[in-house]
Amino acid sequence: MNDPRFRRRRLWAGSILVVLVAGLVAVISGPGDGSRNARSSAGARRPGGVGSMGATQTGTGDGRAAAQTGAAEAVLAYTGYLTTGSPARREIALTFDDGPGPSTLAILAILHRARAPATFFEIGRATREYPEIERRILAAGLPIGDHTETHALLSRLDRSGQEAEISRAALDIERQGAPYPHLMRPPYGAFDADTLAVTRSLGMLMVLWTVDTKDFSRPGVKRIIYTAVSGARPGATILFHDGGGDRSQTAAALPRIITLLRRRHYHLVTVPRLLSDDPPPRGQPAPHSLVGG
């Protein structure tokens, strides 16, 4: 038993046994564990917060673009605009205009923490001024709509002028990596028959709003909260701003608004999701210009 040659042979045999057992375990469990690990790794790479939440609303990458396109096209088949969806479900769309801007990041962070989706209507020149912020919205998986190139009052422009404002903004949005915007919101809610004709020709749905928080006038955090929540109803589209000035009041009001809407059993969705779930009713009255920002 104390023969060194015997001890070496015993160690050698033990090592071979360990290798054989390890190999057998790998053969038996390797493929299954490997698949589970791969799925776990893929899941870990999914963006969290707004990103994953936005993905559940509209898909990811090409899926988001297809969802927005399909939702807009389905509604464009019978109307050129959205003011409010149907009351079939307790869904509400939060929307933000005039960005991207310095306040956009704070608003994105709030949406991320609350896992709340939103839709952003962007000014073309602002996307050039804040390209990194624009890409943060895209990374979050949230849809982006057209809000003209310069925040122009469209009703004061002829048809060619309106088309230039809208199409240039669409081009700037696409240059930042976003899908072609099939949603357009007229600045100030100002539009005319030419606007509807232009947006239809460009494959865009004009998106108005149901509730104007008037946060652009900085009326105070409590007033913004009250206006948003008191005006809420199934199918509503609520207007906020993330650009065009100091939007700290909007950012301060947003967490409370999200909490109160959810307590009232509203489900927050993107505009494309609202169009899919609760499209505007057929035969809705003709739209009229709105006062807002």
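Modeller: A note on classes before we start: Ala, Val, Leu, Ile, Met, Phe, Trp, Tyr, Cys and Pro count as nonpolar, Asp, Glu, Lys and Arg as charged, and the others, Gly among them, as polar. Also, this is a predicted model.

Biologist: Fine. How does the lining of the second largest pocket split by class?

Modeller: Five residues are nonpolar, five are polar and three are charged.

Biologist: How much space lies in that second largest pocket?

Modeller: About 180 Å³. It is lined by 13 residues, and Asp98, Ile123, Ala126, Gly243 and Gly244 are the closest to its centre.

Biologist: Which helix gives the largest share of the lining?

Modeller: Helix α5, residues 124–129, which supplies three residues.

Biologist: Switching to the largest nonpolar core. How many residues, and which have the most contacts inside it?

Modeller: There are 35 residues in the largest nonpolar core, and Ile92, Leu94, Phe96, Leu111, Phe120 and Leu261 have the most contacts inside it. At least two residues each come from β2 (91–99), α4 (104–114), α6 (131–139), α9 (221–230), β8 (237–241) and α10.

Biologist: Which element gives the most to this core?

Modeller: α10, with seven residues. Another core lies apart from it and has 14 residues, including Ala71, Val75, Val271 and Leu275.

Biologist: Back to Phe96. What does it touch, leaving out residues up to four places away in sequence?

Modeller: Phe96 touches Ile107, Leu111, Ala118, Thr119, Phe120 and Phe121, and also Phe240, His241, Asp242, Thr250 and Leu254.

Biologist: And Gln249, where is that found?

Modeller: In helix α10, which covers residues 248–263.

Biologist: Does Gln249 count as buried or exposed, and why?

Modeller: Gln249 counts as buried because its relative accessibility is 14%, and the cut-off for buried is under 20%.

Biologist: What is Gln249 in contact with, beyond its neighbours within four places in sequence?

Modeller: Arg218, Pro219, Gly220, Val221 and Ile224. As for Phe216, 33 residues separate it from Gln249 in sequence, and the C-alpha to C-alpha separation is 9.3 Å.

Biologist: Last topic, α6. Which of its residues are buried?

Modeller: Ile133, Glu134, Ile137 and Leu138 are the buried residues of α6. They sit on the same side of α6, because the arc they cover around the axis is only 150°.

Biologist: What is exposed on the other side of α6?

Modeller: Glu132 and Ala139.

Biologist: Which residue follows α6, and what is its phi?

Modeller: Gly141 follows α6, with a positive phi near 80°.

Methods. Residues are numbered from 1 along each chain as its sequence is written. This is a predicted model: local features need pLDDT of at least 70, side-chain atom pairs count only at pLDDT 80 or more; totals for chains, interfaces and linings use all residues. Side-chain values use heavy atoms; hydrogens and water are left out. On a 1 Å grid over the protein atoms alone, a cavity is a set of points where a 1.4 Å probe fits but cannot get out, and a pocket is an open set with protein on both sides within 12 Å along at least five of seven lines; lining residues have an atom within 4 Å of a point. Grid points are joined across faces, edges and corners, and a volume is the space filled by probe spheres set on the points. Helices (H or I, at least four residues) and strands (E, at least two) are DSSP runs, numbered from the N terminus. Buried means under 20% relative accessible area, exposed over 50%, partly exposed in between (1.4 Å probe, protein chains only). Contact means heavy atoms within 4.5 Å. A nonpolar core is a set of buried Ala, Val, Leu, Ile, Met, Phe, Trp, Tyr and Cys residues joined through side-chain atoms within 4.5 Å. The arc is that of the directions from the helix axis to the C-beta atoms.
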